[in-house]
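Hi,

Here is the structure I promised to pass on. Have a look at it first, and then read on for what turned up.

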Amino acid sequence: MPSARLPLSLRRALLQVLLALATALLVRVTPQFASPVGAMAAIAPAAGLVLAAAAAWGWRVWPALLLGAWAGAGFGFDLRDGAAIAATGLHAAVGTWLLHRRHREGRLLLESTRDFFRDLLRPTLLAGVAGALPAAGAAAAGGVTLQAAGLTLLLQTGAAAGGIVLCAPIVWTLCAHPRAHWRARRAQVGLSLVMSVLALTAASVVLARWDLGHARETFDEEAHARAATIQLRLRGVADGIGALHGAMLIAEGRVSTEQFQALAMPWLNVAGIRELTWFDRVDRAGIDAVVLRHRATSGSDAPVAHRSGLNLLSVPELRPTLLRALGGGPERASPAYRPPGAEESVVRLSIWRPLRLGDGNVGGLVGAVIDLESLFASDAGRPRDDLTVCAIDVEGDAALRRLFGPPGCDTSDAADSLLRRAESIEFGGRRWLLRLERPLIDAMRDGGHWKVWLVSGPGLVGGALLAALLLTMTGVAQREARERRHAERAAAINEHELRSIFDTVSAGLVQTAPDGRILNANPAYCRMTGYTLDELRLMNVSQLAAVADPGHDATAAERAAAGQLHYRHRSGRIVPVSVSVRTVRDADGREVHAVGTVQDLSETIRLRELERESERAEAANRAKSEFVARMGHELRTPLNAILGFAQLLDNHAGAQLQPSWREWLTRIQQAGWHLLAMINDVLDLSRVEAGTLALHDQRIDLREAIEASVAMVEEAAQRRHVTIVRDLSDSAPQVRGDAVRVRQVLINLLSNAVKYNREGGHVLVCSRALDGPRVEIEVADTGLGMTAEQIERLFQPFNRLGRERLGVEGTGIGLVIAKRLAELMGGSLQVHSQPGKGSVFTLTLPAPRKGAQADTLPAEVDDELYSGRRVLYIEDNDTNAELMRGMLANRPQIELTVVGNGRDGLAAARARPPHLILLDIGLPDIDGLQVLQLIREDPRLSRVPVIVVSADASDDRVDAALTGGASEFLAKPLNLRALLRAVDQQLEIRHTVF
C-alpha cells in the first residue's frame, strides 16, 4: 500500500511557503500593537519565529524567512524595510549558529535552568542586540539624534528579546527534535506561552493607543497655542500698520520725517516688523522738488523712513500688491522674497496700506517690511520647543512657497513617527498654510506617556520567567519520567534476566525462611529433588536431607562442615550435593531469609572418575609407548650387530663362501632386515596412534621423490622381472608434505606393487594435477587384485588378507601407516581393485602454496674421494664399536678412534680435534645430546660435523639431535652403504690431512 506522506521535496517546499507566510503575517501585524514611541512594538513575535525556524532547519529556510520579512514590510526599499530584513537575517544567523547543531542532534531539550540559559536566554540576548542594530542604524541615518538612536536600539532589543523568549518555545513545541519530547509540552508550555503573548500584546495595544491619544491631545494643545501665538503676532503687525495709518489719516499725510519716526518707533518692537516706511504721494509737476528735498536721505536703511520720490508702481514685485491695496480694503501683503546676497533662511515680505483722504484721493502709503524668521520663531524664554513650524504661501503668484521652516517641509508627507497639525492663515490678503509637527518619540518622552513600556517591560520579564519556569518544570518532569521509564525498563530487564538466570541456571537455587520453610526454588532445584515448586513450598529443607551412617562414612561430618551433603530424591535415590548458603538481613540485623546454592555433584563425581580412568589410560598408553620405544631400542642394538657383521661378511668373504653358506648368509640378512622393518612399522604405528609423530611442511620435488622411491625397490623388481613404468605430468612438479614420510608412503606402495605382482608384470606410476590445488599419484599393478571384502579389511593393523600363505614377507601394518601419514599431511590414500586384474592405489597430496620458497637442497659434492681423515666414535657398546671398525675398514684413509663414554670423548676431541665425530646417544655417564651441546659450545670443535648413530630413532630424539647441531642422524641397525655415503659426504668437505 503506498505511503500517504508527501514526498520530501514537496514537504520542504510547503515548509518554505508556510514559513514565508507566517513571517510576513507577523511582520505585518506587529505595528498594529506597536508603541507610539518610534512606532516600535513592545514585543516582536516574528523574531521568535525566525530564530526557532533557523534553529530547527538551518540555512535552507533563510530565503523563505527573508522573503517573508520583505513581504511583511510591503516590498519596500527604504531604510526601514532594509532594517527589518537585516534584523530577520541576523536572528536566523544567531539561531543557526548557536542552536541548529543541538536541534539536529536531538539535544535541544531545555530540561534545566542551565539548558534554559544556554539554549534560550543566551541566543535571545545575542539575537535581540544583533537584530536591533539595523533599526538603530536606520534611525541614525534618518537624522535622529544620538539619544533617539540609542533609545531605538534599546527598545528594539527588548521587543526582539521578548518575541524570542516567548515565541521560540511555542514554535519548538510544534517542530523541534526530539518530536516526542516537545510534543508532550505543547499543552503546558505552548498553550501557556500563547496565552501570555496574547495577553501581553493586547495590553500593549490598549496602552499604546491610550498613550498615543494622550500624546496627540497634548500636541494638539501645544500646536494650537503656537498657531494662536503666530496669528497674534500677525495681528500685532496689522495693528501697527493700522495705528500708523490712523495717525497719518488724522494728519492728512502732512507729517515730517521726524514726526513719522516718532509715530512709528513704538511699533518696531512688534515681533516680525523689521522696517516701517511712509511714502508721500507727489504730483508729477512737483516731483523734482521732492526729489531734491529727500535726496539726502534716499540711501538711508533706517528701520523707520519717510521717503518720497520713488514710483512704487514701477517695481515689478510690488506692482500687483500696490494695485490691490489701491483698489480698496485693508492692508495688502506682497509675496515673500529673499534679499539679494542674504542667507537661505532670510525670507521677507512687505505689507502696504494706502492713505485715503477725505476727498477720496490717496495721500500716500504706509508700508512695513516683515522678517518671517522672527515672526514665526518660538519665544526665546521657552526652555524647549521641539515643535517644527512650517509656513507655506499657497497663493499662485508666490515665488517662494516656503516662508518658514526646515528645508523640504513644504513637500514632505505625513510620517507615522510625526504628530502634525495644519491651519490656514489669512494675512494681508494672502493665504498661508501653517504646519506644526513634532516627533512622536519626543512627544511621548516629554509628556511622560510610557505606560506601554511600564507594562510591557515587566510583562516581558514575567513572561521570560514564566517560560523558564514552564520549560524547566516540564523538562525536569520529562527527564524524571524518562529516567523512571528507563529505570523501570532496566528493572524489568534485570528482573527478566534474573528470572531467566534463576530459571535456567544449572545449579539449584532455594530461598528459605529463618525456620527452614522453603519459600521459592528454581527448576534445577525441583529436578534435583524430584518435587514440584508447590510441593516444596509445603516442605522444610531439613526434610530433603538424607542422614548418612557415621559408621558407613567416616568423613560425613567433614563433608557436611564443608557444605557437602546428601539429598534424598523423591524416587528414593541419594543425590550428593554441595550447598552454599547466604543469609539476608534487614536494617536491624534480623534474618529475613536465606538463599542457598545447591550443586548436584553426581556428574562431577562421574567426571572425576572418567578423568581418573583417562589418566590411567594415558599412563598405560605412555607406558606402552615407552615400552615399545625401549623394546625398539633394545631390538635395534643386537640387530645392528647381526646385520652389520652379516654385511661385512658378505662384503669381504661372500665370494669365497660355499653356495649353501652364501644363501644362508643372505637369509640371515633378509630375516634381519625384515625384523627391522617390523620394528620400524610398529614404532611408527605406535607414534601415529599416540599422536606424537612430528611432521615437517616442505616443498618436495615429486619427480625426485618418485625416482628415489623406485630406486629402493628396483632390485626387488628386477628379481621378479617386474617392469616399472613412469608417466609423470609436468603440470604437477611438486607437492607439499614431509619429504621423509612422502618417500616412506611411496616406497610402501611400490614395494607392495612389486611383491604382490605376477612374474613379468608391470607397475605404472603416474601423477597429475587436480583442482584444489592438489596432486594425485597413482601406483597401479597387474597383480592378484582384491575383493570388496578384502578392501574393507585392508587398513586393519597386522591383517595381511591371507597373503601370508603366499610366502611373501610383510607385517600387515605398512598400508595402515601409509594411510595415516597421508591424512596427517593433508592428503588421502584410496584403493580400487578387481580380483585377477590388479590394484590401483591413489595417493593425493596438497600442492605447494603459491609464493612459497623452495627448500634449500644440499649442494652436490665432488666425486673425487678424500684422503687422510680422523674420525672419533663415542660408543659404549663394544659390539657396536667393533662393527663400526669393520664398516669403516672399507675407507682405509680414515683413522678411527673409539672412546667408551661422553667425557672421555670430549677430552679426546679437544686434545686432537677430528674431522668427523660419530656419536651414540645412550652413553653411560652423560646423555649424548648433552655431549653434542658441549661440542657445539667449544670454539675448537664447533665446526666439526657430528653424525648421531643411535638405536633410539624416535621423532623427538631425531629432532632434538638435528636441532642441537647434528649434521645427520643414522638409526641402528646401520646400512653399510648408507653409513659410507653419509661419512663420505661429511669428510669430502674437510681439508685433507696427511
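A quick word on terms before the helix pair: axes here are lines fitted to C-alpha atoms, for helices over the stretch in contact, and the angles run from 0 to 180 degrees between N-to-C directions. Also keep in mind that this is a predicted model.

Now the pair itself. Helix H20 (residues 702-719) and helix H21 (residues 739-755) have axes that come within 9 Å and cross at roughly 30°. The crossing of H20 and H21 is right-handed. On the H20 side, the contact is made by Ala705, Ile706, Ala708, Ser709, Val710, Met712, Val713, Ala716 and Ala717. H21 brings in Arg743, Leu746, Ile747, Leu750, Ser751 and Val754. Sorted by type, the residues of this contact come to 12 nonpolar, 2 polar and 1 charged.

Next, the backbone. Most residues other than glycine have a negative phi, and most peptide bonds are trans.

- His177 and Pro178 are joined by a cis peptide bond, with omega about -5°. Pro178 belongs to the loop between helix H6 (146-175) and helix H7 (179-183).
- Lys972 to Pro973 is a cis peptide bond too, with omega near 0°. Pro973 falls in the loop between strand E28 (968-971) and helix H28 (976-987).
- Leu110 has a positive phi, near 50°, and is not a glycine. You will find Leu110 in the loop between helix H4 (79-104) and helix H5 (113-141).

Lastly, the surface. Which residues make the nonpolar patch of about 310 Å²? They are Leu191, Met195 and Leu198. Of these, Met195 is found in helix H8 (residues 186-250).

Cheers

How values were computed: Residues are numbered from 1 along each chain as its sequence is written. This is a predicted model: local features need pLDDT of at least 70, side-chain atom pairs count only at pLDDT 80 or more; totals for chains, interfaces and linings use all residues. Side-chain values use heavy atoms; hydrogens and water are left out. Helices (H or I, at least four residues) and strands (E, at least two) are DSSP runs, numbered from the N terminus. A crossing is left-handed if the near helix is turned anticlockwise from the far one by less than a right angle, and right-handed if clockwise. Contact means heavy atoms within 4.5 Å. Ala, Val, Leu, Ile, Met, Phe, Trp, Tyr, Cys and Pro count as nonpolar, Asp, Glu, Lys and Arg as charged, and the others, Gly among them, as polar. Patches are made of residues with over 30% relative accessible area and no salt bridge: like charges are joined within 9 Å, nonpolar side chains (Val, Leu, Ile, Met, Phe, Trp, Tyr) within 5 Å. Accessible areas come from the Shrake-Rupley method with a 1.4 Å probe; for residues, only the protein chains shown count as cover. A salt bridge is a side-chain nitrogen of Lys or Arg within 4 Å of a carboxyl oxygen of Asp or Glu.
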